[in-house]
Number of protein chains: 2
Amino acid sequence: MIIGGAEDKLRGRAILKAFVAAAGGPEARIAVIPTASSLGPEIVEVYDALFRREGAGEVVAVRPETREQAHDEALVAALEAATGVFMTGGNQLKLSATVCGTPVGDAIVAAHERGAVVAGTSAGASIQSSHMVAFGGPGSTPKQRMTQVAAGLGLLGDSVIDQHFDQRNRYGRLLMITAQSPQLLGIGVDEDTAAIVEHEVAEDGTERQVLRALGRGAVTIFDPSRIVTDAYEAKRNSPILASGVVLHVLPQPARFDLTSRTLVPRETRVDAEDAAELAEAGADLRRMARDITRDIAADDVSPTQLRRRLARKARRGRPETPTVSPSENPTETPETPETPDSQDAQDGAPR
Amino acid sequence: MIIGGAEDKLRGRAILKAFVAAAGGPEARIAVIPTASSLGPEIVEVYDALFRREGAGEVVAVRPETREQAHDEALVAALEAATGVFMTGGNQLKLSATVCGTPVGDAIVAAHERGAVVAGTSAGASIQSSHMVAFGGPGSTPKQRMTQVAAGLGLLGDSVIDQHFDQRNRYGRLLMITAQSPQLLGIGVDEDTAAIVEHEVAEDGTERQVLRALGRGAVTIFDPSRIVTDAYEAKRNSPILASGVVLHVLPQPARFDLTSRTLVPRETRVDAEDAAELAEAGADLRRMARDITRDIAADDVSPTQLRRRLARKARRGRPETPTVSPSENPTETPETPETPDSQDAQDGAPR
């Protein structure tokens, strides 16, 4: 779960609820890693209270502050027992420099591999990709040197994650990185929004990673597979050519196949009004078919008369879709009215 | 010429120079339209001074403030005589509401059609597209109702232009519009940057419109031809699904074919160092070929010896690209050195 920062803690709390549920609810054993933050115990207290309110069974703090402490066996054991890991916001470079490549870092990766849910917000989101935005300035247009890349935990391979994406105007820096490294998928997550990545096995055995958006904002994806760029020669602070990047802006409940890099088609939602209208039209059609059958059986009309009668019925039944052009009307020979039925008479009245 | 606002007026003045040159330099008759601005005469004075400094022959103000005034024959005559038209910044809705569909508006379109250069900055840029961003808020993520569309002059068809693009974080609003109207091309222009659109006829007679970027920032293009979107049902202020938009960020001197919606391949620029290195390698190869010819003529080497000798030469001449793997070296039989030549000795020394 890649959370773009500032997840709602007061009202619907959709993201925090989803995390606790995925970690096992009352059975959850959640390890909170506040290393990115300068506020260690205070921030653990906040998340402890939040997760317990959502019914989490157990919450423990795993807070290495140095690489030495990130070798602590007790911390590793806490991660080994965890069904959920939550990395707080703060400075992602502090977090990655402290845990990556240590037993604590390895235990986070191992927890993810064995199926525990690993979540992180803001800095805790950034560190999840193979390549991590270390820091950098705002701006829509990608410019040379506007950001720096460091190595992340790599829970999500071949990718680079950015957060507070809408709120801090980070199109430019994520585009700069993907232009320089077009084998990476760029993923920008807005505040109070999560990108939930799940491994799916289809009925035919094919596997794929699917990203699902949840929350108030959107998840933005840059696919630079077919980029044309001059990133290798753009001068200091100059804008970078990035032509042919495929962009996906995904609000909930959109799902995106990370393996094929395409949107997962959603099931068609049927509008209630549309459904009611269709049902009514179906009833009309059945009534009309009944009338025609009767007319033909009685052999009381010529083909021309029948065509005209059908057209007139169609106009009355579905006034917004005339099936003959209006100019034909004046030349039409008046005919004796068909056997009236109450529905037809009603429909015909307010034209 | 679509200028993203805040064009440089002090230093290089690349955009203003390009405009005056395109309008004819000393032969230029430039009509300045300051209607978008609340500062009429003052802003005309500024551009009058700027254009004259770049050598423009004549500068006149065309300043309708009402639709009534936009029927003034004197203003129309000034536009008919112009070789260049320049629309200032300000409020594009004031400009469009005053001139579009009036004789002054028609005269701007006619000037463009007869080949006069029509330029505009900020509001004067927005009005050039068929569909105009009327106003709207900032933000990267497209959200329902974050902006409004009005009709523009349509100098550039099937498009919507936005300006101050990087500086005012306008990704979201331009994406919202293109998601709702995927037949439009979205064009965002940064400050001190121009998108110069030219009509080109190729040698084989095919025609195309080519957009060229000029200035300090970039021109950003959204091509939503293959978008998947829920813009027709996204709720008030919700983010909008926009999957599959093709993105092009174009700094100068990039050129973009608006007809095929693809980047125009640039001519390969040769790096001076690369060229010098290649010339040197070519000289080495010729020398080597001479040696080999002599060796073969003398029939003094076996094929194995010859291969090894070639490999050793290759290593010396281009040390960064060994043509044999290093592990072969230890097993090599020492050989008598080839006839030394000063270049080889020099190259060999600092390995």
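In α7(A), the residues A:Tyr171, A:Gly172, A:Arg173, A:Leu174, A:Leu175, A:Met176, A:Ile177, A:Thr178 and A:Ala179 are buried (buried: under 20% relative accessible area; exposed: over 50%; partly exposed: in between; 1.4 Å probe, protein chains only). This helix spans residues 171–180 of chain A and is mostly covered, with nine of its 10 residues buried. Helices (H or I, at least four residues) and strands (E, at least two) are DSSP runs, numbered from the N terminus. The model is predicted: local features need pLDDT of at least 70, side-chain atom pairs count only at pLDDT 80 or more, and totals for chains, interfaces and linings use all residues. Residues are numbered from 1 along each chain as its sequence is written, chains are lettered from A and ligands numbered from 1 in the order in which they are written, and side-chain values use heavy atoms, with hydrogens and water left out.

Chain A contains 10 helices and 16 strands. Of its 351 residues, 49% are buried. Among contacts in chain A with a separation of 6 or more, 73% link residues 24 or more positions apart (contact: heavy atoms within 4.5 Å).

Nine strands of chain A form an open sheet with mixed pairing, in the order β3-β2-β4-β5-β1-β10-β11-β15-β16. Strands pair if DSSP finds at least two bridges between them. The edges are β3 (58–61) and β16 (262–263) of chain A; each has a single partner strand, so one side of each lacks a neighbour in the sheet. Strand β1 (residues 2–3) of chain A runs antiparallel to β10 (residues 193–201) of chain A, joined by two bridges. Here A:Ile2 stands opposite A:Ala195. In a regular strand, side chains alternate between the two faces of the sheet.

In chain B, two bridges join the antiparallel strands β1 (residues 2–3) and β10 (residues 193–201). B:Ile3 has B:Ala194 as its bridge partner in β10(B). Nine bridges connect β10(B) to β11 (residues 207–215) of chain B, again antiparallel. B:Val197 faces B:Leu211 across this pair. The two strands form a hairpin with five residues between them, and B:Gly205 in the turn has a positive phi of about 90°.

B:Ser37 lies in the loop between β2 (29–33) and α2 (40–53) of chain B. Its relative accessibility is 6%, so B:Ser37 counts as buried. Beyond neighbours within four places in sequence, B:Ser37 contacts B:Ile43, B:Thr88, B:Gly89, B:Gly90 and B:Lys94.

The chains meet through 36 residues of chain B and 37 residues of chain A. The buried area between them is about 2700 Å², with 54% from carbon and sulfur atoms (buried area: the accessible area, 1.4 Å probe, that two parts lose on being put together, summed over both). B:Asp166, B:Leu247 and B:Val249 supply 20% of the area that chain B buries against chain A, more than any other three residues.

Four salt bridges cross the interface (salt bridge: a side-chain nitrogen of Lys or Arg within 4 Å of a carboxyl oxygen of Asp or Glu). One salt bridge joins the side chains of B:Lys143 and A:Asp166 (2.9 Å, N to O). On the side of chain B that touches chain A, α7 (171–180), β12 (218–223) and β14 (242–251) of chain B each supply at least two residues. β14(B) gives the most, with 10 residues. Seven bridges join β14 (residues 242–251) of chain A to β14(B), and the two run antiparallel. Across this pairing, A:Val249 stands opposite B:Ala242.
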